[in-house]
Amino acid sequence: MQQHRPIDEPLRPLGVGRGHPVDVVGPEPGQVDPAVLNALLDRHGWRRRGGAAGRYARWTPPGAGARTSLLVPESRAFPDSEELLGEALVALERSGTPSAREVLVSLAVPSDEIRWTRDVPAGPAGASSWTAEEQLRGAARQMLLAGALAARGRAGYYGARHRRPATAALENVLVQTASGGRRLTAFVPVATGRSLAVRLHQALYAAREAVDYRRATGGMDAFDGAIEAGVSHELTEALVALVRGTEGARVGVAWAPAAGVPGECTDGDAPVEFSPGDLDVLREAGARYQYAEPAVSVRVTGTVVRMRRAGPRGAGTVRLRVIAGVEVPHVRMTLDEEAYRIAGHAHLVGLPIRVHGRLESRGGFRRLTGATGVVPVQVEEAERDRLMKSLQENLDFFEEACAGDD
């Protein structure tokens with residue numbers, strides 16, 4: 001089965017285009033749990049219209065005047081259960097309603113659903129600004145990324161830390177098309193993203209409680225404790241982006257019926273609401289997180305990708321592509337003349353270097369200060385050959401590497 005569409009690709013209605021799991025490999029009747037199908041139909045607004053009690057349920061789609069109906073067995077205890085499930089799946093695939101596609105996606109790949117709703121002022125004839133959908137999609141992506149970061153570890157401010165694995169965690173997330181910038185649903189596969197959904201669910205409630213505490217008492221202490229629940233600078237920024245320009249916004253999580261409710265959470269929780277009146281507190285909390293996050297003592301191993309200094313001698317700036325030590329892709333540092341020479345020589349012979357220092361939060365944890373103990377690191381021959389090839393392809397970056405050898 002192919003992956004869900006990444007969240008940062010153009011949004012389209014479910015079932016449109018290549019790579020959609022329902023289009024490629026739909027669920028087989030034998031793989032569908034009737035209880036799960038009934039629960040999903042109820043969740044997505046289908047209305048139960050009777051049926052033989054304890055045997056079958058008849059469902060009609062949301063909206064007035066719907067002609068389609070599904071007859072879904074309550075269990076597999078009856079001989080015609082699989083045939084009815086097959087007919088129901090075909091009817092869902094042929095249905096033009098968005099809710100039918102949502103049900104099929106959740107059947108094909110059990111997913112927790114994260115739903116955003118914004119109260120966007122309507123324009124003429126009920127239309128909304130053409131930028132509203134982009135704003136909603138951007139805020140949703142920021143929020144999912146904040147949840148993925150919290151699933152990697154707790155911090156008030158992540159900056160560039162954990163960014164690559166957190167971004168990779170969003171690759172299997174499918175996003176339903178926004179409705180005029182007002183509603184959007186993300187399907188987070190349970191197998192790969194449940195921890196993301198759990199952390200985001202907990203963090204949203206903690207953020208709401210911290211905002212209420214700040215508005216009631218004037219104190220910011222609750223935001224300090226909320227870090228453990230997953231609240232961060234990145235989450236507060238996402239909430240600001242979600243609420244800004246609206247009359248209010250809500251975020252809710254619905255757990256995949258096939259997987260059940262995670263032990264750390266409860267079922268049926270109401271969506272968490274935020275209003276424009278919360279924006280100043282959220283901005284204040286975001287700034288507090290950013291400036292309060294301490295520098296981190298680290299030992300970084302990386303390959304030199306850029307060197308620069310003002311003259312043939314003296315200190316210079318070096319940029320490393322990180323191999324180990326910190327979860328950021330690159331770091332920059334200022335090295336004294338001797339350390340700069342060591343870094344240049346190491347690169348010219350195809351070796352990474354190891355260096356000790358403090359990773360500073362300012363700038364997003366991309367700068368190492370107090371760099372000491374610069375030494376070359378031995379690597380396997382294949383890796384060394386690859387580094388040498390990289391040098392040959394980027395000679396213009398390293399002309400200064402030998403400048404201090406006079």
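**Exercise 1. Which strands does helix H3 (residues 81–94) lie across, and at about what angle does it run to S3?**

Solution. Keep in mind that this is a predicted model.
- Step 1: start with the sheet, which is open and has three strands in the order S1-S2-S3, with antiparallel pairing. Its edge strands are S1 (47–48) and S3 (70–73), and each of these pairs on one side only.
- Step 2: H3 lies across S2 and S3, and it runs at about 140 degrees to S3.

**Exercise 2. Work out how S1 and strand S2 (residues 56–60) pair, and find what stands opposite Arg47.**

Solution. 
- Step 1: count the bridges. S1 and S2 pair over two of them, in the antiparallel sense.
- Step 2: look across from Arg47, and you land on Thr60 in S2.
- Step 3: check what else packs here. Helix H2 (residues 34–43) packs on the sheet and touches S2 and S3, with its direction at about 140 degrees to that of S3.

**Exercise 3. Is Asn38 buried or exposed?**

Solution. 
- Step 1: locate the residue; Asn38 sits in helix H2.
- Step 2: take its relative accessible area, which is 9%. The cut-off for buried is under 20%, so Asn38 counts as buried.
- Step 3: list what surrounds it. Leaving out residues up to four places away in sequence, Asn38 touches Ala57, Trp59, Val72, Pro73 and Glu74.

**Exercise 4. Describe how helix H5 (residues 132–152) packs with helix H7 (residues 190–217).**

Solution. 
- Step 1: For H5 and H7 the angle is about 105 degrees, and the axes are 8 Å apart.
- Step 2: classify. Angles of 65 to 115 degrees count as roughly perpendicular, so H5 is roughly perpendicular to H7.
- Step 3: name the residues that meet. H5 brings Met143, Leu144, Gly147, Ala148, Ala150 and Ala151, while H7 brings Ser195, Leu196, Arg199, Leu200 and Leu204.
- Step 4: sort them by class, and you get eight nonpolar, two polar and one charged.

Definitions and conventions. Residues are numbered from 1 along each chain as its sequence is written. This is a predicted model: local features need pLDDT of at least 70, side-chain atom pairs count only at pLDDT 80 or more; totals for chains, interfaces and linings use all residues. Side-chain values use heavy atoms; hydrogens and water are left out. Two strands pair if DSSP finds at least two bridges between them. Helices (H or I, at least four residues) and strands (E, at least two) are DSSP runs, numbered from the N terminus. Contact means heavy atoms within 4.5 Å. Axes are lines fitted to C-alpha atoms, for helices over the stretch in contact, and angles run from 0 to 180 degrees between N-to-C directions. Angles under 35 degrees count as roughly parallel, over 145 as roughly antiparallel, 65 to 115 as roughly perpendicular and the rest as oblique. Ala, Val, Leu, Ile, Met, Phe, Trp, Tyr, Cys and Pro count as nonpolar, Asp, Glu, Lys and Arg as charged, and the others, Gly among them, as polar. Buried means under 20% relative accessible area, exposed over 50%, partly exposed in between (1.4 Å probe, protein chains only).
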